[in-house]
Amino acid sequence: MDPSEALAKLLEGNRRYLEGRLRPILHANPENKPYAAVLGCCDSRVPPELLFDAAPGDLLVLRTPAHIAEPTIVGALEHAVQADGVPLIAVLGHTGCRLLGAAVELHLKGLTEAQGPNVHAVLRLLQPSVLQAFGSHAIDPRKVPKLHLEATLRTLRKSFTLARALQSGRLQIVPLMCEVATGRVDPAWESLGAIAA
Ligand SMILES: [Zn+2]
């Protein structure tokens, strides 16, 4: 499957989800041959297998806080591309991300005791995207999800393995945004309107 076919298949799965035409779950796929990898947020409202009506074996799914791509995550994606020949990596952002909202709060109000060191460690990793939003001309926290999606894409493109696959045309890396109110996933995510942090 080529990258554009894989993207079309993902979006067709999302159409079935939106129309309530989910396929019966089949566990008959004999191969671990995912047609796409999805790096998404761990938010409970954005489960990729459901949103894309995927069967076991269809998707390699990685979920982290606000789709942060730390080295182990990048390594897993590199392995998927090298060993499994995955033609598409979709980075799935979503509206109303509470972690990005908390990262904005941290920037505006500082650390609260309730957040503790582990939550702080997550929010610290999101600060570059927040700072970018607040450092630009018009301060607008609604820009944060878009900027953070772009930051994750930049991180992935820095990988030598992924960059080589991109150059050869074997791989595409695409941003997607899910509107949590409806479950609609849109590659032209700017059309979703207000993307509240
Ligand atoms: Zn989120």
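Predicted model: local features only at pLDDT ≥ 70, side-chain atom pairs only at ≥ 80, totals over all residues.
Five strands make up an open sheet, ordered S2-S1-S3-S4-S5, with mixed pairing. Strand S2 (59-64) and strand S5 (184-186) stand at the edges. Each has a single partner strand, so one side of each is left without a neighbour in the sheet. From one strand to the next, the twist averages 25°.

S5 pairs with strand S4 (residues 172-179). The sense is antiparallel, and the pairing runs over 3 bridges. In one of them, Cys178 has Val185 of S5 as its bridge partner.

Next come the helices. Helix H6 (residues 144-157) lies across strand S3 (88-94) and S4. H6 runs at about 155° to S3.

Turn to H4 and H5. Two packed helices are described by the angle between their axes and the distance between the axes. The axes of helix H4 (residues 98-109) and helix H5 (residues 116-135) come within 8 Å and cross at roughly 75°. Angles of 65 to 115 degrees count as roughly perpendicular, and H4 and H5 are therefore roughly perpendicular to each other. H4 brings residues including Leu99, Ala103 and Leu106 to the contact, and H5 brings residues including Leu123, Leu126 and Phe134. The contact residues divide into 11 nonpolar, 2 polar and no charged.

Finish in the core. In soluble globular proteins, nonpolar side chains tend to be buried together. Here the largest nonpolar core has 47 residues. Those with the most contacts inside it are Ala36, Ala37, Leu39, Ile89 and Ala90. Leaving aside residues up to four places away in sequence, Ala36 touches Ala6, Leu10, Leu59, Val86, Leu88 and Ala90.

Technical notes. Residues numbered from 1 in each chain as written. Axes fitted to C-alpha atoms, helices over the stretch in contact; angles between N-to-C directions. Helix = DSSP H or I, 4+ residues; strand = E, 2+ residues; numbered from the N terminus. Parallel < 35°, antiparallel > 145°, perpendicular 65-115°, else oblique. Contact = placed C-beta atoms within 7 Å. Nonpolar A, V, L, I, M, F, W, Y, C, P; charged D, E, K, R; others polar. Core = buried A, V, L, I, M, F, W, Y, C linked by C-beta atoms within 7 Å. Buried ≥ 20, exposed ≤ 12 C-beta atoms within 10 Å, placed from the backbone. Pairing = 2+ DSSP bridges.
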